[in-house]
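This briefing sets out the architecture of a two-chain assembly, topic by topic. Please read it alongside the sequence and the coordinates.

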Amino acid sequence: MSEKLPPEVAEAHWAKTRNLMWISLGIWAVFSFFIHMLVTVLNGVVIAGFPLGFYMAAQGSLIVFVVQIFWFAHRQNQIDEEFGVAED
Amino acid sequence: MSLSMKGDFTDNLGKIYGIYVGGFAAFVLLMALASMVGVPDRWILWAYMAATIGIYAFIGIMSRTAQVSEYYVAGRSVPAVYNGMATGADWMSGASFVGMAGTLFVLGYDGLAFVLGWTGGYVLVAVLLAPYLRKFGAYTVPDFLGTRYGGNAARLVGIIVLFACSFTYITAQVYASGIIASQFLGIDFGIAVFAGLAGILVCSMLGGMKAVTWTQVAQYIVLIVAYLLPAVWMSTVQTGVPLPQLMYGGALTQIAEYERILNVARTHVAPFQTYSPRDFFFLIFCLMVGTASLPHILMRFFTTPTVREARKSVGWSLFFIFLLYFTAPAYAAFSKFNLMGLFVNAEGYRLAFTAIPAWMLEWGSIAGHQLVTICGVKAESVMAIQAACEARGHVGGFPYSELRLNNDMIVLSTPSIAGMPIWVVGLVGAGGFAAALSTADGLLLAIANALSHDVYYKMIDPKADTKRRLLVAKILLVIVAIAAALLARTQPSDILSMVAWAFSIAAAGLFAPLVMGVWWKRTTNMGAILGMAAGFGVTMFYLVGNVYGMDLVPRSGDEISWFGVAAISSGIFGVPVAFIVTIVVSLVTPPPSPEMQDFVDRLRLPKGGNMMVQTH
């Protein structure tokens, strides 16, 4: 490491990163657990033959996970660039 | 091949894999033509095995290397998309390929715990671990633990956990590859295991991570085509639209209708008929956290050129895994619809003994397995089935409720059940074989690299030169592979059921120290070491105690059970214990040195290149 980042910049960068982490884990928890706790209710809704509760576990949550990771990668990169700590 | 490999290999990736995909498609077409002109089935199956192993060996030999960083982390030059494909192949084991759709077929909604559990963990990998481990620049997971937590004690505990979760897993992969090879080549299982072993070694021995990466990409392409083709086929035949993932809603509606007609009590889409809601969510939790802790998966993200690419690469990994996992429920629904249709269309909803399809008898009569059971007997001959069914009062035919299919046969048998030609059957076999080989390669490297890099180089002989280190790495790799093959050859049923445990073991032993090492600066060496040991210890204690009891004999009455939690979810105890012990011990021990705190600060910033400068 050539130059050392001022502590307050590193602190602010990490605060934003930590925030993003909690938001990501929140989305993850909703689509991993909470939404499937409502499966019986959701199964009352049927779209194109799919009961919604079944669909969420078989496909819906998976799509959210994939999109979520790309969104996270993009957001984190923005944060890194904002504080000038992204790779060159 | 006129292709110049001299230029930068990674610059030509698109071209190389483009040619590969074209060649593979041409080969499949050739097989289709061959089956039409009457080439014997057996030859076609052999051709699939020979051609795929041949191409893996070719890639393996082309990627041989004498450089340490290429051997351990593929020279950190794997672009995000390709690393995604390699991770997909690394991740999807023989069991995923062969058993996932079958599990969904049998369990219906409750089986989706596996679909969710084996995908959602990648969110944890992307957010909590991959970018930081990549920034650190280690060669192995224990390498990170050893550096962050002050030396060989942490390193050693990490190696023990790694070995405990990876070795049973690799044995099961070698076993799966042996089963597939013996079925498709018609050779004895004991010999087929060594065919699998050879397939694994040609990919990994000469080129380590570099060779494994590029063969895994090739294997991913084979396995995903082999998985999607039959599902697309069934969807096109039944609905006219070649998009099984969107069209199986219709099949689900039909299945519900058939369930009413056939009086099936366990409906396909209703939740919590096998698992209680608590078991269902515990299982999802353990599989997800386990995913984020398995060393053979984490080390794939050491191979990207940058931290940024490591994050994106997790997204691509999950995308490529998603392609298979969101197809599996469609596969299951179409297969189930086909099968139930046989009974619904039969007179009195009983399948006449004279109308038993040939595939039931073919798969039913495979020695040593109970793949098809009718009226409680192995489906070997019409006479045996008829006798058993008549004893149960079913005259003339048997109802749907008397048919039992083993989970593991659904994918491999679906092409023949749905009447697809032999070239599709061979393709599916090659796909299953690719899935087992690619996972075995990843696991083999994870184990052998921990032994050669962490135990030999870091703990025994830190002065060893490059040549010697690589030699030791390659020898250990062969030894571990042969040990796994010898163990697989004994067909150890216990080992196979232990695979599901790997997730709980990894989650309990490794998740807390890895996450806390990055996210909580205050984590001390003693805290992490005791946390790892406690999490791992509690989970192992519960696993062994729950399955075998203290006398180590299963079902002898002394098995323990805490709140009725299943062995497969035992990580539910270990993970919180590991976190609590880590935090409490860290708080009562002096904080880490300023140098270590500074180290963690640098870990958190992508800028500045690898932290760990590896000596060559």
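Helices, at least four residues in length, and strands, at least two, are DSSP runs numbered from the N terminus. In that numbering, F272(B) belongs to the loop between α11 (244-262) and α12 (277-291) of chain B. The model is predicted.

**Chain A**

- Chain A contains three helices and two strands, and its elements follow the order α-α-β-β-α from the N terminus.
- The radius of gyration of chain A is 19 Å, whereas a compact globule of 88 residues would have a value near 12 Å.
- The C-alpha trace of chain A spans about 60 × 20 × 15 Å along its principal axes.
- Of the 88 residues of chain A, 32% count as buried.
- When contacts in chain A between residues at least 6 apart in sequence are considered, 57% join residues at least 24 apart.

**Chain B**

- Chain B has 25 helices and five strands.
- A compact globule of 616 residues would have a radius of gyration near 25 Å, and the 25 Å of chain B therefore agrees with that expectation.
- Along the principal axes, the C-alpha trace of chain B spans about 80 × 65 × 40 Å.
- In chain B, 55% of the 616 residues count as buried.
- Of the contacts in chain B that link residues at least 6 apart in sequence, 81% join residues at least 24 apart.

**Contact between the chains**

- Chain B contributes 40 residues to the contact and chain A contributes 37 residues.
- On the side of chain B that touches chain A, the elements giving two or more residues are α6 (112-136), α11, α12, α14 (307-325) and α25 (594-603) of chain B.
- The largest share of that side, 10 residues, is supplied by α14(B).
- By class, the side of chain B that touches chain A consists of 24 nonpolar, nine polar and seven charged residues.

**Largest nonpolar core**

- The largest nonpolar core holds 237 residues, and those touching the most other members are I69(A), A126(B), L133(B), V161(B), L223(B), L444(B) and I447(B).
- Helix α19 (residues 422-460) of chain B provides the largest share of this core, with 21 residues.
- Both domain 1 (15-334 + 420-603) and domain 2 (335-412) of chain B give at least three residues each to this core.
- Leaving aside residues up to four places away in sequence, V161(B) touches I505(B), A506(B), G509(B), L510(B), M532(B) and F536(B).
- In soluble globular proteins, nonpolar side chains tend to be buried together.

**Residues with positive phi**

- Most residues other than glycine have a negative phi.
- A48(A), a residue other than glycine, has a positive phi near 50°.
- A48(A) is located in the loop between β1 (46-47) and β2 (50-51) of chain A.
- A48(A) has 12 other C-beta atoms within 10 Å and is therefore exposed, the cut-off for this class being 12 or fewer.
- F272(B), also a residue other than glycine, has a positive phi near 60°.
- F272(B) has 14 C-beta neighbours inside 10 Å, so this residue counts as partly exposed.

Notes:
Residues numbered from 1 in each chain as written. Chains lettered and ligands numbered in written order. Predicted model: local features only at pLDDT ≥ 70, side-chain atom pairs only at ≥ 80, totals over all residues. Core = buried A, V, L, I, M, F, W, Y, C linked by C-beta atoms within 7 Å. Buried ≥ 20, exposed ≤ 12 C-beta atoms within 10 Å, placed from the backbone. Domains from an automatic or database assignment. Contact = placed C-beta atoms within 7 Å. Nonpolar A, V, L, I, M, F, W, Y, C, P; charged D, E, K, R; others polar. Rg over C-alpha atoms; globule rule 2.2 N^0.38 Å.
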